[in-house]
Amino acid sequence: PYPSSQVKGPFTALYRTQLDHAYRRVTSVTDLGFECAAFVQANKTKSPRWVDFLSQGFDVEALNLTNASNSFVIFVNQSDRVFAFTFGYAYNAVDRGKIEPGFGLRAALNAMGPNSINTVDTRNIDLVTRQSRIHLNVGSPIHEFEINTSVDWLRYASGTPENEEFASQVSGADSLQISLDCTVSQLGEVADELLKLYSATTYQERFPFVDSMTCISRDDPVTASLNAKLLEMLEERTTSRVAMAYPEIPHPDTAYYKVFRGRASIETPEMDLLTVYRFLDGNTIVNPLTDVNVIALDASDEPRSQKRRLSDFIVCEIDQEGCKYVLSLGSWFRVAADFIAQVRDSVSQLPDLTEQLSLPPVKTGEHEGEYNERIAAERKWLLLDKRQFAFGRYTERIEACDLATDTGMLIAVKKMRSSATLSHLFAQGSVSARLLKTNAGYAQSLLSQLKEKWPERAFGVDDLQFVYAIPTVKSGPIADCLFFFSVINLMEHVQRIRLAGFDVGLCKIGYENVTA
């Protein structure tokens, strides 16, 4: 397989800025018939990270333990585009800021037959990002992968191309991997064929949901404006509507991540927003989006990912001039208006129980736990906040809800601080709903608590209803107050609750002495 990335810019200026000093130019021994520039990084050696640890108990210094790696990259100038064909670890040499977003995915989808996909990667549209890889042992149509196209973004696909004379396997996300039989002199023709695949529109008929989010060109003035707003958010160290997510499923050999700019660095076993903020606090960096890099390394300090800009790890949601924009994998996407309308409409159809429950507002400085205790006492409801129910073979535990009413409403309360906190709220409800129908011990434990509180009531599992109660200062119906990420996430969990056989509603809670 030959990883290929399509990059932009004047040819000579571009490839000179792609590589570090460890690469040297290699000249071709024959006329290849196309303009190209090749570079090699030969016999790069490094002492494994574990040598220092072992030296505490063993004489390993004399063994001169080092790992060696070789990398090669060919930049091909073809059809007014530049293609990078990489070998070894040379994919780390390509500046991802120059790569055409989604080039590999679109080319792969256009190349593959409708029933020949064997692997997909999906990524949900939320600040709490869930990435999944699904592999089928035979080529299959996309519906066999059971992708929820309202929630999951198709990020990568692999399968067999319709034209097997061109290649035997194609895989793509931003870059494209192809397995084909060709010579070096044919790389120009290969580049032309890849550009045709990328430019085709066949995928729109077979996979129309791929375009629910439209990628904005990095040269578009909107991109600069959105980046400026994001930089302000990072400068303010905000944790609302912004989070860290891995660009790809982490390699199983990854030992740690290095966040760095020049020689300044910080190491962390997991990427998270607070780690990034600690690094920024200790260093003066004008534009962390482009100047800070991240790389995954194994225990021998060998790379287990491409070196990526910090922006590739950030997920963010911004509203601007009446449009909704989402940052994911280093690119800004404009969310299709009809997609937003479809999702918002689905949420607006959920029962709004705000007037029916008429829950008192949250007092100034009142924490969620204090609020739940107060409401339970005032309404004489059952307080279940922080009361965990055991289930499962290894006595796993979960809070069923925060408050239970005498009519069987299971109310979960969570302030609308961020999409991340609401994601935990929604998951609490859907997990509890599933367990009520699949785990007799869990169901009996909850019903016993209700029966003890209201002995005159004959509660059954089917009498229960889930309610998400969300304090917010925003005006209007609760369905219109939620973050866009949260709306999408909510509908996924509502679907799970309904599949378990329960009704689910929303309730808005205000704040005392606060108006929108």
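You are looking at a predicted model, in which local features need pLDDT of at least 70 and side-chain atom pairs pLDDT 80 or more, while totals for chains, interfaces and linings use all residues. Residues are numbered from 1 along each chain as its sequence is written, and side-chain values use heavy atoms, leaving out hydrogens and water.

Gln 306 sits in the loop between strand 15 (293–297) and strand 16 (308–309); strands (E, at least two residues) and helices (H or I, at least four) are DSSP runs numbered from the N terminus. Now show its contacts (heavy atoms within 4.5 Å): leaving aside residues up to four places away in sequence, Gln 306 touches Tyr 91, Asn 92, Arg 96, Val 294 and Ile 295. The C-alpha atoms of Gln 306 and Ile 295 are 6.3 Å apart.

Next, select helix 3 (residues 103–111) and helix 4 (residues 187–199). Their axes lie 7 Å apart at an angle of about 85 degrees, with axes fitted to C-alpha atoms over the stretch in contact and angles running from 0 to 180 degrees between N-to-C directions. The two helices are therefore roughly perpendicular (65 to 115 degrees). Phe 103, Arg 106, Ala 107, Asn 110 and Ala 111 of helix 3 meet Leu 194, Leu 197 and Tyr 198 of helix 4.

Finally, pick Cys 401, which is buried at 1% relative accessible area. The whole structure has zero disulfides (cysteine sulfur pairs within 2.5 Å); for Cys 401, the nearest cysteine sulfur belongs to Cys 507, 14 Å away.

Definitions and conventions: Buried < 20%, exposed > 50% of the residue type's maximum accessible area, 1.4 Å probe, protein only. Parallel < 35°, antiparallel > 145°, perpendicular 65-115°, else oblique.
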